[in-house]
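Here are my notes on the side-chain packing in this model. Please read them with the structure open.

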Amino acid sequence: MKVEIDSNSGFCFGVVNAIRKAEKELDDTGQLYCLGDIVHNAREVERLQAKGLQTITHNDLENLKNVKVLLRAHGEPPKTYKMASRNKVEVIDATCPVVLQLQRRIKKAYDEGEIEEKKGGVKPLIVIYGKNGHAEVNGLVGQTNGEAVVIQNKDELDSIDFQRDIILYSQTTKSLEGFREIVEEIKNRKKGGKFEYYDTICRQVANRMEKMKEFAKNHDVVIFVSGSKSSNGKVLFEMCKEVNPSTYMISDETELDSKWTEDAASVGICGATSTPLWLMEKVAGTVKSGKQ
């Protein structure tokens, strides 16, 4: 049986950067707090916890003082930085550069809208195509003082006031196809006023989708490794399953079933942007050994 790990799978740049910053601090001091799971993969979180990383919530942050806290790649709203400053918390900012740039763009558009409103005009409605409640999206909405509207699919566009000017952005990890659908739907419904839209999807993530489809097609069975909290993982898994029905999702090697691969000549191992390479290698090793 041939077992291959997808070379395009695994941590994206933003996650690599966050983990490097965490590991450096842990190597130096042996202690660091992280606001939320550093990555949506339980096994990687456990690995870093063993080195001294402690995951905290926003409520925990309110009660911490004079400590170091890492802000993960997803980014945070302005109120988080204010809270940290108030409590004399040293922030290790690991916000992904792509997310940070998007936050700045949304804040600039919002501030310009505020100026327009003060002059007697109507500020544009900022719409974000993304998953409601997702950490990145919370950070983006925070740039607008909570006023941006989050749309998860085109069916939710009924909540939008199409009489207003609209500026559309996207969560960085959403699909290009989904974003284009939203754009076309708004164009069809909008009868007047301006509509601006900006494709703010991370190309490192978007480009791996087509490559992963090809990878899934080229194997009899695909084992997709991902944490249950990863929204990117859910999207990529469904995409793989669409092109190869013999695709199975697991969080680690303990969930493998030997029946999946017993008649397979080739097995492909792939994963989300939050899946560490070492975990995919462990899964590949277990498949090769036949001990699942």
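1. Basis. This is a predicted model; local features need pLDDT of at least 70, side-chain atom pairs count only at pLDDT 80 or more, and totals for chains, interfaces and linings use all residues. Numbering runs from 1 along each chain as its sequence is written, and side-chain values use heavy atoms, with hydrogens and water left out.

2. Aromatic pairs. The whole structure holds five aromatic pairs. Rings of Phe, Tyr and Trp (its six-membered ring) pair if their centres lie within 6.5 Å; planes under 30 degrees apart are stacked, over 60 edge-to-face, and the rest tilted. Y129 and F179 form a tilted pair, 6.5 Å centre to centre with 40 degrees between the planes. Y129 belongs to strand β6 (residues 125–129) and F179 to helix α7 (residues 176–189), so this pair ties together parts 50 residues apart in sequence. Helices (H or I, at least four residues) and strands (E, at least two) are DSSP runs, numbered from the N terminus.

3. Buried means under 20% relative accessible area, exposed over 50%, and partly exposed in between (1.4 Å probe, protein chains only). Y129 counts as buried because its relative accessibility is 6%. F179 is buried too, at 3%. Another tilted pair joins F195 and Y197: 5.2 Å centre to centre, 35 degrees between the planes. Y197 is partly exposed, at 37% relative accessibility.

4. Charge over a ring. K241 lies over the face of Y248, 5.8 Å from the ring centre. The test asks for NZ of Lys or CZ of Arg within 6 Å of the ring centre and within 35 degrees of the ring normal.

5. Nonpolar cores. A core is a set of buried Ala, Val, Leu, Ile, Met, Phe, Trp, Tyr and Cys residues joined through side-chain atoms within 4.5 Å. The largest has 17 residues; V127, I160, I166, L168 and I186 touch the most other members. β6, β8 (166–170) and α7 each supply at least two residues of this core. The largest share, five residues, comes from α7. A second, separate core of 16 residues includes A18, I19, V39 and L53.

6. I160 up close. Which residues is I160 in contact with, leaving aside neighbours within four places in sequence? They are L125, V127, V149, I151 and I166. Contact means heavy atoms within 4.5 Å.

7. M83. This residue sits in helix α4 (residues 78–86). M83 is buried, at 10% relative accessibility. Not counting residues up to four places away in sequence, M83 touches H58, L61 and E62. The C-alpha atoms of M83 and V222 are separated by 45 Å, and the two residues are 139 apart along the chain.
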